[in-house]
Amino acid sequence: MRFEPLHESFGARVFDFDCRNCGDAALALTLKKALSDWQVLLFRGQDLTDAEFVAFCRLFGELEILPEPEKRHPAHPEIFNLSNVRPDGSLTPNDDPQAVFLRGTSRWHTDSSFRHVPCLATILYALDVPPEGGDTEFANMIAAFESLDPTELEALSRRAAVHSYAYSRSANPGRLPPLSAEELAKVPDTVHPVLRRLPDGRHSVFLGGHVSHLEGEDVASSRHQVRELETRLTTIGNVYRHRWQRKDLLLWDNRSTLHRLTGYQIDKYRRVMRRCTVAGTTGVEPVDKELWG
Ligand code: OGA
Ligand code: MN
């Protein structure tokens, strides 16, 4: 296995590795360490059946089963069909709820941050990619943390953000029906520290599109402040833009990156991804207060 950087501050393409090789515990450890070190890993030219894809993803930990049964792969409930192609082969019309959902991923976000224990990683395997558009951008949030000046660092180390699925769904660029009371009860708002300590001792800024506002502050003004901060922290030369090829398998660490889909013509070009999500194991750890007294 050999690594070559994708971007000057993070991300690596992995050479000389076939993802059908699900090896042993030592291999799983090597891959998990590479993911937390590099934050984004790309494997190109992978030929995987659905079962082989799931087996590879399991090396990284337990896989989440996402709530929407209609988006699950019929034979492999761990696989989420991230696709604009309907079962009859036709493309999703632009006003279809699935198209609205897909466009929703074009806001900077980190997956399932609205959960008490957010996921660890997301893995996409490209079966069909559009000839133009539909890239995915990743922002290095460890570099974002490192760009904060001491005053801001100190102020943010005392802040927590309210992550809300109901909010992010309502902020989707499109119209989705509001959640029922029963659905809402399954995804209550969660509070996480804005600055996060990672298991390897590094730190990241943990924000993104599920953040509604800062805890204990005025909703409208702190929401505005969060969006401004996100914009700044994703425009400091810390973004890798991935142009997909068929048979790419790409995974990212949701603890230390934000990501977003760049637009494509959903009703014109096929974009079919298999997705698995690796569950987190611990809640979001705050930074050590001693770091800045
Ligand atoms: C996701 C997501 C982006 C993409 O599946 O969580 O944000 O490029 N996908 O499809
Ligand atoms: Mn996502």
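The legends below walk through several close-up views of this structure, which is a predicted model.

**View 1. The seven-stranded sheet, from one end to the other.** Start here to get your bearings: seven strands line up as an open sheet in the order E1-E2-E3-E13-E5-E15-E4. The pairing in this sheet is mixed. Strands of a sheet pair through backbone hydrogen bonds, either parallel or antiparallel. Look for E1 and strand E4 (80–83) at the edges, where each pairs on one side only. From one strand to the next, the twist averages 25°.

View 2. How many bridges join strand E1 to strand E2? There are four, between residues 2–5 of E1 and residues 12–15 of E2, and the two strands run antiparallel.

**View 3. E2 meets E3.** Now turn to the pairing of E2 with strand E3, which covers residues 40–43. Do these two strands run parallel or antiparallel? E2 and E3 run parallel, joined by two bridges. To find your place in this view, pick out arginine 13, which stands opposite leucine 42 in E3.

**View 4. The three-stranded sheet.** Another open sheet has three strands in the order E8-E7-E11, with antiparallel pairing. Why is one side of strand E8 and of strand E11 left without a neighbour in the sheet? Strand E8 (190–193) and strand E11 (211–214) stand at the edges and each has a single partner strand, so one side of each has no neighbour there. Neighbouring strands of this sheet are turned by 35° against each other on average, direction ignored.

**View 5. E7 beside E8.** Strand E7 spans residues 160–163 and is joined to E8 by four bridges, with the two running antiparallel. A handy landmark is alanine 160, which stands opposite proline 193 in E8.

**View 6. Ligand 1 and the residues around it.** Where does ligand 1 sit? You will find ligand 1 in the largest cavity. The residues surrounding ligand 1 are Leu82, Thr105, His109, Asp111, Thr136, His259, Leu261, Arg271 and Arg275.

**View 7. Polar side chains reaching ligand 1.** In threonine 136, an N or O atom of the side chain is 2.6 Å from an oxygen atom of ligand 1. For histidine 259, a polar side-chain atom lies 3.0 Å from an oxygen atom of ligand 1. Histidine 109 has a side-chain N or O atom 3.1 Å from an oxygen atom of ligand 1. Taken alone, ligand 1 exposes 290 Å², and the protein buries 98% of that.

Note on methods
Residues are numbered from 1 along each chain as its sequence is written. Chains are lettered from A and ligands numbered from 1 in the order in which they are written. This is a predicted model: local features need pLDDT of at least 70, side-chain atom pairs count only at pLDDT 80 or more; totals for chains, interfaces and linings use all residues. Side-chain values use heavy atoms; hydrogens and water are left out. Two strands pair if DSSP finds at least two bridges between them. Axes are lines fitted to C-alpha atoms, for helices over the stretch in contact, and angles run from 0 to 180 degrees between N-to-C directions. A residue is near a molecule or strand if one of its heavy atoms lies within 4 Å of it. A polar contact is a pair of N or O atoms within 3.5 Å; within protein, one must be able to donate a hydrogen and the other to accept it, and residues adjacent in sequence count only if both atoms are side-chain atoms. Accessible areas come from the Shrake-Rupley method with a 1.4 Å probe; for residues, only the protein chains shown count as cover. On a 1 Å grid over the protein atoms alone, a cavity is a set of points where a 1.4 Å probe fits but cannot get out, and a pocket is an open set with protein on both sides within 12 Å along at least five of seven lines; lining residues have an atom within 4 Å of a point. A molecule sits in a cavity or pocket if more than half of its atoms lie within 2 Å of its grid points.
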